[in-house]
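Reader: I am new to structures. Can you show me how to read a few features, one at a time?

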Amino acid sequence: MATRIALLALVPMLLLAAAGGLWLRAQMHHSLLGSFEQVLREKAQRVGARLHPGPQGELREATGGADEFSAIYAGWYWRAQQGREVIRSRSLWDMDSLPIDARPVRGSAALHLSTGPLQEPLLALTLPISLGQPPAEVALTVYGPAAQLQDNMRQIDRTLLLAGGLLMVLAGLLAWLQVRVGLAPLRRLEALLTALRAPHGAGPDVAQHLAAPTGRDLQPLQNELAGLLAHNAHVVARARAHAVDLNHALKKPLALLSAQASAQTQVSSAEVRRQVEAMAQLVDRYQARTLSDALHAHPGAAGQAVDVRECAAQVLRMMQRLHADQALDWVLEDVAPDPLLWRGERADLEEVLGNLLDNAGKWAASRVRLALSVEGSAEQAMLCLDIEDDGPGMTAEQLQAAGQRGVRFDESVQGSGLGLAIASQIAQAYGGRLHLHKSTGLRGLGVRLEMRGLVHGPARGSSGRTG
């Protein structure tokens, strides 16, 4: 980019400087040659005034005082020719004529180069004049020294060349300064991205690392990169968490099989089948979560909006069958607007509802309640899921420790200790949060789940109750 910017700045400048220099040189040369031509014309008029025809019609020069044409080889010469008759200035002495270049000098249509008796450079101007009655045409050629004029023209060329070179150097410095200053934000952004690749260069917070100022012009691009990298870091963190969760969840059935195999020589096929089925369900479950994460990485791949009511009712019915031996009262309270559509993955919603409701069913004494609601403005609407039970609840210390991976408060209750952690992770993936508290209605554990992604803004709708 720096090379392209420099070339785009220097090449037009070079072309303009070259064209301007050539034009200025031509104009100054033309002006000098024009001035010299005017001098020769004035001298030709003065010489022509002294010429007259003799008694026999021959050319004669009137006698007069000494001038620049009087001294021998003075550098100023003239020659007049009428037919074969030729007269010349005294300064030519015994030379009949001087060689003249047939082509005119560049920059003048009337002047021609010539060489003097001393091999000095001359400029010649030939003019026709008329003498006598009837008029007889005479060709008068006037020569003048060109050395000083040529020196002046060469000095002009050197000056223009030097000025053009200085101009190009200045343009190069300005282009370099422009590239250095103009692309400084890009270099700072490049340095930030390079630091991300270094070991422990940016730390876990990629967005905060990229928040370092690089320049107002690149701030939108920097923000987009920060968001993209933060999102990618989040997806990678979720993938690692899935691997940890799956590893932790598979340890229990494998440990049971290992313990039984150690305790007895033969393990019942029913037990092996049950543990294998449990592990297969775990693999399927985390495979579905991995697919969901892939869709999170490419939001455009998400399918149609999920009907929250229908999904919640389906999960609630499944929980009723799963905990049928406990004779629990499962209640669905709906104070959300109609329709209640959520732009997300159905597998995620089923996952979080299944974990939270299953956890509530394990601890409830007689009742579990699920409430659906919407909070916030139409642009910032949040889907709220409140799950409460009438179980023993949690102490303040347990509420603080809850949600950590693998933390279990009662080993007698089946589970892997991952349910709340998984639900919290899914909520964060959709810009929400998971909050644990003591239920005010049922006096047990209360879980409030908030997630973004509602298709319609909040509006009061009908409420329902399912038990």
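**Reading the features**

Author: This is a predicted model. We start with one residue and its neighbours. Arginine 369 touches Val331, Glu333, Asp386, Ile387, Glu388, Gly441 and Leu442, leaving out residues up to four places away in sequence.

Reader: Where is arginine 369 found?

Author: Arginine 369 is in strand E12.

Reader: Is arginine 369 buried or exposed?

Author: Buried means under 20% relative accessible area. Arginine 369 has 16% relative accessibility, so it counts as buried.

Reader: How do I look for empty space inside?

Author: Rolling a probe the size of a water molecule over the atoms shows where empty space is left. Here, a search of the whole structure finds one cavity of 30 Å³ or more. The largest cavity holds about 40 Å³ of space.

Reader: Which residues line the largest cavity?

Author: The lining consists of Leu356, Asn359, Ala360, Ile387, Glu388, Asp389, Leu420, Leu445 and Val447. By class, six are nonpolar, one is polar and two are charged. Helix H8 (346-363), strand E13 (382-389) and strand E15 (445-452) each supply at least two lining residues.

Reader: Now a helix. What span should helix H7 have?

Author: Count 1.5 Å a residue. Helix H7 covers residues 308-322, so its 15 residues should span 21 Å. Its end C-alpha atoms are 21 Å apart, which agrees.

Reader: Which residues of H7 are buried?

Author: They are Val308, Arg309, Cys311, Ala312, Val315, Leu316 and Met319. These residues cover an arc of only 160° around the axis, so they lie on the same side of H7.

Reader: What do the buried residues of H7 pack against?

Author: They pack against H8, E12 and E13, along with strand E9 (306-307), strand E10 (329-334) and strand E11 (341-342).

Reader: Last, backbone angles. What should I look for in phi?

Author: Most residues other than glycine have a negative phi. Look for exceptions. Tyrosine 73 is not a glycine, yet its phi is positive, about 55°. Glutamine 119 also has a positive phi, near 65°.

Reader: Where do tyrosine 73 and glutamine 119 lie?

Author: Tyrosine 73 is in the loop between strand E2 (59-61) and strand E3 (77-82). Glutamine 119 is in the loop between strand E6 (112-115) and strand E7 (121-131).

Reader: And how accessible are tyrosine 73 and glutamine 119?

Author: Tyrosine 73 has a relative accessible area of 29%, so it is partly exposed. Glutamine 119 has 64% relative accessibility and counts as exposed.

Technical notes
Residues numbered from 1 in each chain as written. Predicted model: local features only at pLDDT ≥ 70, side-chain atom pairs only at ≥ 80, totals over all residues. Heavy atoms only, no water. 1 Å grid on protein atoms, 1.4 Å probe; cavity = no way out; pocket = protein on both sides within 12 Å on 5 of 7 lines; lining within 4 Å. Points joined across faces, edges and corners; volume = space filled by probe spheres on them. Helix = DSSP H or I, 4+ residues; strand = E, 2+ residues; numbered from the N terminus. Nonpolar A, V, L, I, M, F, W, Y, C, P; charged D, E, K, R; others polar. Expected span 1.5 Å × (residues − 1). Buried < 20%, exposed > 50% of the residue type's maximum accessible area, 1.4 Å probe, protein only. Arc of directions from axis to C-beta. Contact = heavy atoms within 4.5 Å.
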